Amino acid sequence: MIESLLTKYLGVSKFDDQYRHLSLTLISIVSCTGVAAFFAFYNSVIDYYPSLFYVDLAGTLLGIVSLYIVLRFQRVLLASFILLIMVTGVCLMVMLDRHNLDYSLAWAFVTPLLSIFLLGYLYGTLYSMVYLAVVLWLAWSNLGVWQPAPWDMDSFANLTAIYLLLFMLSCYYEASRRSAQKLLQQSNQKLKVLATTDPLTGLFNRRYMEDLLLNSNQNVFVAMADVDNFKSINDEFGHSAGDEVLIGVGHVMGDTFGLDGVIGRWGGEEFLIVSYAQNSQDFEKQLALLLERISSHSFSIERPVTISLGGVHYKALEHRATLRAVDEALYRAKTSGKNCYKLVGDP
């Protein structure tokens, strides 16, 4: 219900920064107004007590006004102050009228929690300290005057209402905290994906691939792939067609290596492949199979697409030197007629 009210009247969803504060404000207004309405009914029908009936009725009306201010004018801070003044006033009036009879002094526990919810940590704490001083003065000035509170129906109603109100607000606070934490985790996961994914191909990006290599303690092989004559593809068919070619090449690479490798876009028309092949012979078989699948794949342009590959046995202790070596192997493949692979050390 709270979420639908926020969305309908305030245009706020659970993904907005102010959602949690607004939801706590609304649940506080609804809860306190409901409690005031209950005691207005209780003091007029069940146990007739005119003075408290008018106090609770005034509190109910102020609660409705604060709810209207939030939903109609979106004045959250003003509504929070009105509600807090209402709750403080009603609680103090009950304590002044009933003293500690019916355990009325227990209503003093409601205001500190609400003030933190409605005004935030700083102003809520300041408000609570002032309120505490008033309550302590009231209790101190009546030492030896107030009589022990009997346990009767009014006492039971007071303590039950206080407990349920604080319990409901605490539960909602915890639920909102968990919801906010879950949204934060989801946002962090999305940011992680954005930070490690190439937006065009959906493959890993250069940052991720570099981190993978630097932190790898496995025996891996690395290949650098470059789409042959990619500039002419862009010139002849347009950049959109070129993008489709890059996406298609990435898909073929992923299907070819599967769980035996990791594919990332290195930049432009270049791709980096990390292979978990058991030995160099298996690695060469993977590269040969990739060349065959790329050249036989049907892309969105009316001309064949091929790639050139340079490969090397990767050594993390020589990261930059290894990448330079694989780049040189790729260059030899490009100058050897393209659509082929060269390994570091090959002539």
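Which side chain meets that of arginine 178 in a salt bridge?

1. This is a predicted model. In it, the partner of arginine 178 is glutamate 174, with an N to O distance of 2.9 Å. Both residues belong to helix α6 and lie four residues apart, about one turn of the helix. A search of the whole structure gives ten salt bridges.

2. Helix α6 covers residues 153–196, and methionine 153 lies in it. Met153 also contributes to a nonpolar surface patch of about 520 Å², together with Tyr103, Trp151, Phe156 and Leu159.

3. Helix α4 (residues 76–98) packs with helix α5 (residues 110–141) at an angle of about 25°, and their axes are 11 Å apart. Angles under 35 degrees count as roughly parallel, so α4 is roughly parallel to α5. The contact draws on residues of α4 including Leu77, Phe81, Leu84, Thr88, Cys91 and Met95, and on residues of α5 including Val110, Leu114, Leu118, Tyr127, Tyr131 and Leu138. The crossing of the two helices is right-handed.

4. Helix α8 (residues 230–237) and helix α9 (residues 239–257) pack with their axes 7 Å apart, at an angle of about 135°. The two are therefore oblique to each other. On the α8 side the contact is made by Phe230, Ile233, Asn234 and Phe237; on the α9 side, by His239, Ala241, Gly242, Val245 and Leu246.

Terms used: Residues are numbered from 1 along each chain as its sequence is written. This is a predicted model: local features need pLDDT of at least 70, side-chain atom pairs count only at pLDDT 80 or more; totals for chains, interfaces and linings use all residues. Side-chain values use heavy atoms; hydrogens and water are left out. Patches are made of residues with over 30% relative accessible area and no salt bridge: like charges are joined within 9 Å, nonpolar side chains (Val, Leu, Ile, Met, Phe, Trp, Tyr) within 5 Å. Accessible areas come from the Shrake-Rupley method with a 1.4 Å probe; for residues, only the protein chains shown count as cover. A salt bridge is a side-chain nitrogen of Lys or Arg within 4 Å of a carboxyl oxygen of Asp or Glu. Axes are lines fitted to C-alpha atoms, for helices over the stretch in contact, and angles run from 0 to 180 degrees between N-to-C directions. Angles under 35 degrees count as roughly parallel, over 145 as roughly antiparallel, 65 to 115 as roughly perpendicular and the rest as oblique. A crossing is left-handed if the near helix is turned anticlockwise from the far one by less than a right angle, and right-handed if clockwise. Contact means heavy atoms within 4.5 Å.
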